Amino acid sequence: MRRISDLKPVKWRDGKVAWIDQTKLPWKEQWNESNSISELAKAIKRLEIRGAPAIGVAAAFGIAVSASNAKSDLKAAMGSVSRDAKVLGKTRPTAVNLFWAIERMLKKAEDLAADCVSLREFQDSLASEALSIQKEDIDSNMRMGRLGSKLIKDGDVILTHCNAGALATGGYGTSYGVIRTAWMEGKDIKVIATQTAPLYQGARLTVWELMRDRIPVTLITDSMAAYAMKNAGVTKVILGADRILMNGDVANKIGTYGLAVLAKRHNIPFLVAAPVSTIDKEGSSIEIEQRNPDEVRKVLGKLMITSPEVPVMNPAFDVTPSELVSGIITERGIARAPYRPSLNKIAYG
Ligand code: MRU
């Protein structure tokens, strides 16, 4: 059996959150640690911690940190948990896992407060709830990996976008989980990774993960995707999601929609892998995060590559309509069109 690396990008360290700073990868493996909610919120906004499920796990640990920081009594702890939940909820608007995790932690905190538990029990129970969120995410990723791998055949050339690996999750990966499971099972596959401008999560992070696992990868610029589909034998597109509506529309890293259109044109299956926590059971529209224009004007905050005054568009995500999605791999099964009944069964099943 081939071996793969083990990585949890966010960790609970006795009242503090530790995270690998993803803005420093692949050059440096730097771990940061804090028990300050404003520092954690800043790390999420700056994409030191990024990827929908990883943001959810980090926010859950943040709520546990907030409880641990309380020194006086249960009432004060509940007050700081509610305040800090608001701060964490304002970090990034698109990935629904953030709101899902905060809601779950708040519900746990309210139940504990209603039971008038001791401050110590409140703190310990919130820490173990956050750890469960992380463990469940990893377990879901592994189940998705096994289910999704059944769709992968020897000889597949898989195009992926952004980073949906261990770094983007509790650990293991969603779409990358499918790829690495297929690889571990001995399948002969190759991956084509897009750079993913403007922040290069594909070039910096996905390539780093693939190379650690020794999975064959070729890097392309985002604009080479059509060429790769036409000339480089791409057989599947598999990527992650930040939010999935019940009608099957998928929000993911900017450029995903274009890849879906291209996949349709070339008759290539376009597959999304995401845990049930990424499904937005109530929403009917998706807020797209608009990021700092300088991310487009400069290369990774350094080299200015255009006129500093030029107006810029910088949406971090786009929405792929469900009609372009061939299947959504979740830990509870693979949803197919028509998506509403299929996702209903998965989300409430
Ligand atoms: O802006 P990012 O890097 O947080 O965007 C991440 C993505 O778009 C991922 O593809 C998505 O969160 C799926 S991660 C399992």
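Start by selecting His161 and the residues it touches: leaving aside residues up to four places away in sequence, these are Thr194, Thr196, Asp222, Leu239, Lys253, Ile254, Gly255, Thr256 and Leu259. Keep in mind that this is a predicted model.

Now show side chains and look at two polar partners of His161. The side chain of Thr194 makes a polar contact with the side chain of His161, at 2.6 Å.

From here, move to the ligand. Select the 18 residues that surround the ligand; the closest are Arg50, Arg92, Asp242, Asn252 and Lys253. Lys253 is also among the residues that His161 touches.

Draw one from a polar side-chain atom of Arg92 to an oxygen atom of the ligand: 2.7 Å. For Asp242, an N or O atom of the side chain is 2.8 Å from a ligand oxygen. For Asn252, a polar side-chain atom lies 2.7 Å from an oxygen atom of the ligand. The protein covers 100% of the 420 Å² of accessible area that the ligand has on its own.

Finally, hide the ligand and view the space it takes, which is the largest cavity. Colour α2 (52–69) and β9 (250–253), the elements that give two or more residues to the shell around the ligand.

Key. Residues are numbered from 1 along each chain as its sequence is written. This is a predicted model: local features need pLDDT of at least 70, side-chain atom pairs count only at pLDDT 80 or more; totals for chains, interfaces and linings use all residues. Side-chain values use heavy atoms; hydrogens and water are left out. A polar contact is a pair of N or O atoms within 3.5 Å; within protein, one must be able to donate a hydrogen and the other to accept it, and residues adjacent in sequence count only if both atoms are side-chain atoms. Contact means heavy atoms within 4.5 Å. A residue is near a molecule or strand if one of its heavy atoms lies within 4 Å of it. Accessible areas come from the Shrake-Rupley method with a 1.4 Å probe; for residues, only the protein chains shown count as cover. On a 1 Å grid over the protein atoms alone, a cavity is a set of points where a 1.4 Å probe fits but cannot get out, and a pocket is an open set with protein on both sides within 12 Å along at least five of seven lines; lining residues have an atom within 4 Å of a point. A molecule sits in a cavity or pocket if more than half of its atoms lie within 2 Å of its grid points. Helices (H or I, at least four residues) and strands (E, at least two) are DSSP runs, numbered from the N terminus.
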